[in-house]
Amino acid sequence: MKSTHHTAPRARTLLATALAALLLAGTGCSSKAGSSGSTDDSADGIKTGPGVTAKTIRLGALTDLTGPYATLGKSIVQAQQMWADEVNARGGICDRRIEIVVKDHGYDVQKAVTAYADISTDVVALPQVIGSPVVAALLDDIERDKVLTFPQAWAASLLDRDSVQVLGTTYDIDMIAAVDFLTRTKGLAKGDTIGHVYFEGDYGANALEGSKWAAKKAGLKVAGQKIKATDTDLSAQVSALRKEGVKAILISAGPAQTASLVGVAASRGLKVPVVSSAPGYAPQLMKTPAAPALAAMLNVVSAVPAVSSDVAGVRKMVAAYKKKYPGALVDSGVLSGYNAAQLMGTDLKKACENGSLAREDVVKAHRSQSSVDVGLGSPQNFSDKARPASTSTYVYKPDAKAVGAAVNVENAHIAPGVKQYLDSRD
């Protein structure tokens, strides 16, 4: 596809304007809220506790419906509600209806802390918490309250906690897979330099850890460029990487930053392969001036396949979602949200079989499972809290005509070196 050869400052301004809504922002803080509550036995002999009655199981969602991740939040909320409706139509779980209590924090940490305090005494688990800063602020409360939580964040710093489960891979694993992809398919060789543009904070730091480890193993050099969440024009970073003579670029940031990086690089003749983590791409980008360059240069490493995948479970989910929400965008958030809900359902069923839906017993049921496959990607291992639930990654690329504006390039596989890397961290 033809790239944007003659992009001028005006075009870069258009890019920045078109992508402003996709900007990632947020800061962390601490909090104290909620309590784990007491447990009781219900008439059917099932032990219960906060969020569980004889007729209902209440789950919580701390989401972003009005901030920078509003589109993602809407997709996840709708996908998880679709799951709840499907489950309830089949009779529920443990003869109880699923209810999801949704709280919008707008990607504001203080609002999220307040929202958690509002719902923490009346939900058994949280199948959705959007935002690394939000999760970081709530970690101590979640652990204290024993609320099983699936964050929409994938930093390795969230591992090693009983109640918090990073689904799929962590950012460092993704970048090891990205370096492997570049050396296998894009002709990178020993002595070459790759750029890595990354957000400050846990996301970028964890991703950089993976890229540096993999680059060292492959005999490559890494030229790092740290950016802030407020940086949307990456012209300076492209100039710096061009001077370094990079043969490829990794990016661990948001969609706005990915589009600026790729668009500016293409306009300046730096037409090298770019690989992003899943949070760095959104289908809306294919309706911006950066679309031709993205189609030509970008690949995405992800723990789940593109929503256009021919995986049977994904096809079924997409069809059901289109029927339930006509005209709604089917993006990676739909798959991420539905997958998290399905996995939470598996945990609740296991806990019911064990005779208790009390919070701590839902966590125990979760941790007792070493191979959970809900048909939406790779199996998940929840038994080792210190390791990612999966080490398998897919690779997909932008395609404006596909569902979710992306198509699979490589199916799930474990990149060489991942096991060695994880062993070295233990």
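1. Trp154, Tyr171, Phe199 and Tyr203 form one aromatic cluster. Rings of Phe, Tyr and Trp (its six-membered ring) pair if their centres lie within 6.5 Å; planes under 30 degrees apart are stacked, over 60 edge-to-face, and the rest tilted. By this rule there are six aromatic pairs.

2. The model is predicted: local features need pLDDT of at least 70, side-chain atom pairs count only at pLDDT 80 or more, and totals for chains, interfaces and linings use all residues. Residues are numbered from 1 along each chain as its sequence is written, and side-chain values use heavy atoms, with hydrogens and water left out.

3. The average pLDDT of the chain (the predictor's confidence in each residue, from 0 to 100) is 91, and 90% of the residues score at least 70. Residues 1-37 have a pLDDT below 50; this stretch has 92 contacts in the model beyond near neighbours in sequence. Contact means heavy atoms within 4.5 Å.

4. How far apart are the ring centres of Trp213 and Tyr421? They lie 5.3 Å from each other, with 65° between the planes, and the pair is edge-to-face. Trp213 is in helix H6 (residues 202-218) and Tyr421 in helix H13 (residues 418-425), 208 residues apart, so the pair links distant parts of the chain. Helices (H or I, at least four residues) and strands (E, at least two) are DSSP runs, numbered from the N terminus. Tyr421 is buried, with a relative accessible area of 2%. Buried means under 20% relative accessible area, exposed over 50%, and partly exposed in between (1.4 Å probe, protein chains only).

5. Tyr321 and Tyr325 form a tilted pair, because their ring centres are 4.9 Å apart and their planes at 50°. Tyr321 is buried at 1% relative accessibility, and Tyr325 is buried at 16%.

6. Seven strands form an open sheet of mixed pairing, in the order E8-E7-E9-E10-E11-E12-E13. Two strands pair if DSSP finds at least two bridges between them. Strands E8 (221-227) and E13 (406-413) stand at the edges; each has a single partner strand, so one side of each is left without a neighbour in the sheet. Strand E12 (residues 393-398) and E13 run antiparallel and are joined by five bridges. Pro398 stands opposite Ala406 in E13.

7. UniProt lists residues 56-399 as "domain: Leucine-binding protein" in an unreviewed entry; its positions are given in the numbering used here, feature names are shortened, and annotations may be inferred rather than shown by experiment. Over residues 56-399 the chain is 44% helix and 18% strand.
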